[in-house]
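Hi everyone, thanks for coming. I'd like to walk you through one model today, so please have a look at it first.

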Amino acid sequence: MTPGTPAGRAGQHRAGQDRAGRDRAGQGRARQDRARHRRSPAWSSPARRSATRRAEARAALGFLSPWLVGFVVFTAGPLLASLWLSFTSYDAISEPRWVGADNYRELAADPLVLKSLGNTVYYTVLHVPLSMALALGLALLLVAARRWGPFFRTVLYVPAVTPPVAVGVLFLLLLNGQTGLVNRALRLVGIDGPQWTSDPAWIKPGIVLLSLWSFGTTLVIYYAALQEVPGHLYEAARLDGANAWQRFRHVTLPMISGALFFTLVVNTIASLQMFAEVYTMYFGTAHTSAGAEEGLFYVVYLFRQAFEFLDMGYASALAWLLFLVILLVTLVQVRLSRRFVHYEGRR
Amino acid sequence: MRTRGALPLLVALLLVLAGCGGLGADRAEARTGFADEPVGPLTTMGYSLPDEVARVRVERFRQRYPAVDLRLNEGAFDEQQFLSALASGRPPDLVYLDRADLPSFAARGALLPLDECFEVTGMDLAEFRPAAAAQVRYQNRPYGVPEFLIVRLLMANRVALADAGIDPSRVDTADWGRLEAWARAMTRSSGSRLARLGVDPKIPDFFPMWVRAAGGDVLSADGRTARLDSPQAVEVLEMAKRIVDQAGGQGVVQAFRDGWDLFGARNPFAADQIGLSPMEDWYLNVLAQNSPRAPVVVLPFVGRDHQPLSWATGLAWAIPQGARNRAAACRLVREMTTPDAWVAAATAKRDARLARGLHYTGTYTAHVAADERIRAEVLRPTGLDWLDEGIRVIERAQGVAFALPASPAGAEVKRAWEDAVTRALGGRASPADALREAQQRATAALARVGAR
């Protein structure tokens, strides 16, 4: 919050903290973009300040150059190449052959595209809200648990740095319907647990259960956001007679809605691209064959087309369809966010 | 001002391009032809040195060709890695891969035909088991050299058989009605928890072998027509579904199997978790090592016509298109697959196992003369009747084994039947419907590859 900007409902005294908090929540980039736009006309002006700015911009570009070069060579280049390849028949061995929109036509008629997309959407619809709710619940507990906070913060983040392949193999064992720990625990309380990894009806719920294991990053974001909610708002609400739920609903939630929105977007994108755990469980070397249909997620199918069937052209078309789906979903989310996300200083 | 600002960017770009330039310069390296004197670096992909069988033969090659600098890139063959290497124009000189994957690479021009290599070294595909030779031949030209012939046999648990009053000498897979009855008689469960699976048909894994047992085939002899919805295939899947359903269904059976300690002392035979199942021959070795006293009986797998049959798979050496050191690659392949090399390797393996107090159950090379010499010169009775009988069953299966025809869309066809079996066993589609869809998918894939 720069001086002179309207302070908003939160009050000026904590403006610095506020910015730091939201930067952590990933909102910082948007702010910087806005700031850059405001500054850009100054670049061409002959004023002394603009000379300093140019020097700063050069330094910035210099520092950014490794990333910029990396982006152009390793991301933008392959991205454009894949767009072109999606209009070819290409097996990575012989030269690509132009086939026009054939791959896209085939894609429209391929039942496995719909099946794998359905599986992925099912997973996303369950995973995203559940992992957000779980992370938020634990973040609230973490904020309350002052003394042991740092310890639990570390413990809860550890799963986020566990390699996904290890998670896949681990959960294959944990969720095994006959010998797995999850069902053994359920049996202790008298529940005959389902066959998580082998019953078609339970495979996707099992994958969702597994996915809740790695909520660490979301949790840390929420924890940071919660730290930034000013205490005086709670005080004011308390004086007005608000109970715990009302304080959560009308103070906490609006104040962290920026962080919630950010995690909603990035978790949705990550969910639609889910690959490693599912591939390990149902298609890798340690796999169980029962998940061939229910575990066929979109990116798994894409990988199969590219590297098992050597149909890179078709796989590229699949990748671009996924890109469009993600773009569409994100646009809808951004649209909806205008109604639900509260940005301080903007409204 | 602006140009100076862009300087770091330019430097970074130049560094990247300089890196690429380094790769390009190597392309000018001289190539050797098959007939040349083998010298210089020789790179491989997919071959590791896990045991004496690999180490002894590699050592023989190194001694015989000291001018060749053999660089083994250890680890399993990785398609992604191989494709990247091909696309970058720097493939390894030699790859070691599953024979089932070879035709799809050959069909796409990723591998060199080996006629010249065979000519130079005097190698002939007729030296090898017909099932193995057929897998490395594509459009009547050799594209690989086979190693190992893995066959499938029947392994039964004597305790489970006795429990159900089944005479081990009468056990075979010819009568499927009787097989289903045995499956019911040997299965033990309480609620949704299985304690013993009576019969494990090992489907989808062994689907092609069951179809062959019923007198059918999953692919035509030329590998270009799928036959996944044949009456025999449907019959196999229906039989498998009945067996799996009586044990509690796919969910329970698969989870139970996933929980087995296949490679431990508490393997399903030692732990009385299985009644009867077709298994790969190497599992005999696992049992001999981990539970030599397990109550196992090894029997040949037979078709409905009572004739023994077995599905064979294995590995192969192949030389990629663009390989630089063809001379050395060709010599290595020859050296690794001579009967002398195999006998030396098998002897070393036998001695190493005996030194550790373990049984040696044979080495099955896919090379006819090598197998015969190993049996005559290396193999000794183990002193365990069931194991010696098991070795005899493996030897007989080697002679009657069939391989799946080489198909350029082998991977797609396999995925199609695997998915169909999973759907049908999981109750998502009837066996006939699931296989009909698989047939459509396989046919479309074969057409696509054919059109390329």
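Before I get to the spans, one definition: when I say helix or strand, I mean DSSP runs, with helices being H or I over at least four residues and strands being E over at least two. And please keep in mind that what you see is a predicted model.

With that in hand, let's begin in chain A. Residues 312-332 of chain A are 100% helix and 0% strand, with 30 Å between the end C-alpha atoms. Residues 255-276 of chain A come out at 82% helix and 0% strand, and there the end C-alpha atoms are 34 Å apart.

Now to the interface. How much area is buried between chain B and chain A? About 3800 Å², and carbon and sulfur atoms give 54% of that. Chain A brings 41 residues to the contact and chain B brings 42.

On the polar side, there are 13 residue pairs in polar contact between chain B and chain A, counting pairs with both residues at pLDDT 80 or more. The salt bridges across this interface number 7. One to look at on your screens is Glu293(A) with Arg423(B), where the closest N and O atoms are 2.9 Å apart.

Which elements of chain B build its side? Those giving two or more residues include α2 (7-26), β9 (193-199), α18 (410-425) and α19 (431-451) of chain B. The most comes from α12(B), with 7 residues. Sorted by class, the side of chain B that touches chain A has 18 nonpolar, 13 charged and 11 polar residues.

Let's move to the aromatic rings. Over all chains, the count is 32 aromatic pairs. Take Trp210(B) and Phe301(B): they are edge-to-face, 5.0 Å centre to centre, with 85 degrees between the planes. Trp210(B) sits in helix α10 and Phe301(B) in the loop between β11 and β12 of chain B, so this pair ties together parts 91 residues apart in sequence.

Finally, two backbone details in chain B. Ile203(B) and Pro204(B) are joined by a cis peptide bond, with omega about 20 degrees, and Pro204(B) is found in the loop between β9 and α10 of chain B. Gln139(B), a residue other than glycine, has a positive phi, near 50 degrees; its place is the loop between β4 and β5 of chain B.

Thanks, and over to you!

Terms used
Residues numbered from 1 in each chain as written. Chains lettered and ligands numbered in written order. Predicted model: local features only at pLDDT ≥ 70, side-chain atom pairs only at ≥ 80, totals over all residues. Heavy atoms only, no water. Contact = heavy atoms within 4.5 Å. Buried area = accessible area lost by both parts, 1.4 Å probe. Salt bridge = Lys/Arg side-chain N within 4 Å of Asp/Glu carboxyl O. Polar contact = N/O pair within 3.5 Å; in protein donor to acceptor, adjacent residues only side chain to side chain. Nonpolar A, V, L, I, M, F, W, Y, C, P; charged D, E, K, R; others polar. Phe/Tyr/Trp six-rings, centres within 6.5 Å; stacked < 30°, edge-to-face > 60°.
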